[in-house]
2 protein chains.
Amino acid sequence: MMHLNNLYETLRERRETLGVTQLHLAELSGVALRTLKEIESGKGNPTAETLSKLADVMGMDLKLEIRKPAV
Amino acid sequence: MMHLNNLYETLRERRETLGVTQLHLAELSGVALRTLKEIESGKGNPTAETLSKLADVMGMDLKLEIRKPAV
DNA sequence: GCTTATAGTGCGTTATAATGCCTTTTTTAC
DNA sequence: GTAAAAAAGGCATTATAACGCACTATAAGC
């Protein structure tokens with residue numbers, strides 16, 4: 001895919017911080033377990049809606065922001 | 001879809017700020033014009049990769065961040 | 001008005017995201 | 001080390017994103 005690795009890692013880290021399993025997050029978010037697994041393992045190319053469902057339930061926002069120049 | 005309206009508006013605003021047409025952005029980003037039109041018009045549910053391609057070329061980042069409580 | 005550039009949309013095709021089911025692998029707790 | 005829980009992954013199906021093409025609508029100039 002691309003370098004969206006940050007996104008996937010961020011999702012996983014957040015999930016682990018919350019102490020919830022993939023299965024539980026799948027149930028809470030309405031995203032299929034199979035889909036969540038693919039996303040966290042860096043395969044797949046999730047849609048904005050799928051990302052948003054996961055973000056929502058974990059208290060996160062999916063957003064676009066102007067890139068800050070590397071200092 | 002969802003309330004990803006922010007995302008789409010952000011994309012359009014950024015494009016207009018840069019003074020570039022949909023056609024030009026499509027060429028620069030490698031996202032098909034048809035696809036870009038659908039996104040900006042709020043239809044469609046773009047993939048992370050598509051969003052990322054558009055963001056990249058406009059100097060933006062797609063990111064997930066912990067929601068800030070409404071003050 | 002007319003012309004041109006830009007944006008919006010209908011329709012069909014192709015590629016692939018989302019999903020379910022089932023099995024394997026890894027991790028965690030005894 | 002065994003059992004249970006959690007995660008990873010193969011495979012097939014369904015839903016739909018991405019796309020091309022052609023047409024329409026809406027500015028923006030002149």
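Modeller: Let's start with residues 11-66 of chain A: the span is 61% helix and 12% strand, and its end C-alpha atoms lie 21 Å apart. Helices here are DSSP runs of H or I with at least four residues, strands are runs of E with at least two, and both are numbered from the N terminus. An unreviewed UniProt entry annotates this stretch as "domain: HTH cro/C1-type"; such annotations may be inferred rather than shown by experiment, and positions follow the numbering used here, with feature names shortened. This is a predicted model, where local features need pLDDT of at least 70 and side-chain atom pairs count only at pLDDT 80 or more, while totals for chains, interfaces and linings use all residues. Residues are numbered from 1 along each chain as written, chains are lettered from A and ligands numbered from 1 in written order, and side-chain values use heavy atoms, leaving out hydrogens and water.

Now for DNA strand C. Around it sit 18 residues, and T50(A), R15(B), Q22(B), R34(B) and K43(B) come nearest; "near" means a heavy atom within 4 Å. Two or more residues each come from α3 (33-40) of chain A and from α1 (5-18) and α3 (33-40) of chain B. Of these, α3(A) gives the most, with three residues.
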